[in-house]
Amino acid sequence: MLMATDTIQSLRHSLVSHAVYQAMNTPGRVVSFMEHHVWAVWDFMSLLKGLQARLTCVSVPWIPPADTESARLVNSIVLGEESDEDGEGGHCSHFDLYLRAMRQAGADTGPIDRFVSSMRAGQPWEVALARAPVPECVRRFVTLSLSLATGGDLPELAAAFTIGREDLIPRVFPELLRELAARHPGRFDRLVHYLNRHVELDGDQHGPAAGKLLASLCDAPESEEAAMSTAEACLRARLELWDGILAAF
């Protein structure tokens, strides 16, 4: 695993100790958080699929991947993130898990649903996002992620995924949500399941796999420097998103 810079360690500390977590102490604030955060759940998958497209073969005719170890690592992450156990006897992506949690909580999924439908109909993501009714902090966050997923250098993309997105949920947060769910039965159960599953997979499987993948891709000082710079930019964008959510409360 690469050694994080002092700046990255400082930014990560600011994120895991951010006031937004303790401030989510009412149903309305949790709903507001979800309506912002769902965009980060969606573009996380875009970063992951960007890695898969670069490290494996997802087109026909199939060509064997040049780096089978990296292909194995990224495919193992995709398996869990795109088709995980849904807690109801079936399987679905973590994005779909989150949408189910939003609907149970009474959050508005209309903007993200229309955004996805626009892209499914062939509209470029830049156009669909420009037309989406989202706060500016969300727009900037998604734009950075999608720019990396669609055009960034491979070490930078891996850094955005590994350092900028994985393992940034403090351990206290699921417990706070469980307490809130207990006070409001039947409203936040699916959100608690999503978070528990996300934390479990990140800590036990996806986090170590992503770290190993990033280290293998940063095989020169130049690529490591670029990766760390990108990770810092992604963490700052996440911090701006968290600040924006807190301000919305």
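Visitor: Let's start inside: how much space lies in the second largest cavity?
Guide: About 40 Å³ of space lies in the second largest cavity, where a cavity is a set of points on a 1 Å grid over the protein atoms alone at which a 1.4 Å probe fits but cannot get out, and its volume is the space filled by probe spheres set on those points, joined across faces, edges and corners. This is a predicted model, in which local features need pLDDT of at least 70 and side-chain atom pairs count only at pLDDT 80 or more, while totals for chains, interfaces and linings use all residues. Residues are numbered from 1 along each chain as its sequence is written, and side-chain values use heavy atoms, with hydrogens and water left out.

Visitor: And how many cavities of 30 Å³ or more does the structure hold?
Guide: The structure holds two cavities of 30 Å³ or more.

Visitor: Which residues line the second largest cavity?
Guide: Its lining is made up of Phe 141, Leu 144, Ser 145, Gly 164, Arg 165, Cys 234 and Ala 237, where a lining residue has an atom within 4 Å of a point. The elements giving two or more residues to this lining are α8 (136–151) and α12 (221–248), helices here being DSSP runs of H or I with at least four residues, numbered from the N terminus.

Visitor: Which element gives the most to that lining?
Guide: That is α8, which gives three residues to the lining of the second largest cavity.

Visitor: Switching topic, how many aromatic pairs are there?
Guide: The structure holds eight aromatic pairs, counted when ring centres of Phe, Tyr or Trp (its six-membered ring) lie within 6.5 Å, with planes under 30 degrees apart called stacked, over 60 edge-to-face and the rest tilted. One of them joins Trp 42 and Phe 115 in an edge-to-face arrangement, 5.0 Å centre to centre and with 85° between the planes.

Visitor: Where do Trp 42 and Phe 115 lie?
Guide: Trp 42 lies in helix α3 (residues 27–55) and Phe 115 in helix α6 (residues 110–120), so the pair ties together parts that are 73 residues apart in sequence.

Visitor: Is Trp 42 buried or exposed?
Guide: Trp 42 is buried, with a relative accessible area of 12%, since buried means under 20%, exposed over 50% and partly exposed in between, with a 1.4 Å probe and protein chains only. Phe 115 counts as buried too, at 2% relative accessibility.

Visitor: Which rings are linked into a cluster?
Guide: Tyr 21, Phe 33, Phe 173 and Trp 242 are linked into a cluster by ring pairs. Arg 238 lies over the face of Trp 242, at 4.7 Å from the ring centre, which is judged by CZ of Arg, or NZ of Lys, being within 6 Å of that centre and within 35 degrees of the ring normal.

Visitor: What does His 37 touch?
Guide: Leaving aside residues up to four places away in sequence, His 37 touches Tyr 98 and Trp 242, contact meaning heavy atoms within 4.5 Å. His 37 has its place in helix α3 and counts as buried at 11% relative accessibility.

Visitor: And what about Ala 128, where does it lie?
Guide: Ala 128 lies in helix α7 (residues 125–131) and is buried, with a relative accessible area of 5%. Not counting residues up to four places away in sequence, Ala 128 touches Phe 115, Ser 118, Met 119 and Gln 123.

Visitor: Last one: which peptide bond is cis?
Guide: The bond from Val 60 to Pro 61 is cis, with omega near 5°, and Pro 61 lies in the loop between α3 and α4 (68–82).

Definitions and conventions
On a 1 Å grid over the protein atoms alone, a cavity is a set of points where a 1.4 Å probe fits but cannot get out, and a pocket is an open set with protein on both sides within 12 Å along at least five of seven lines; lining residues have an atom within 4 Å of a point.
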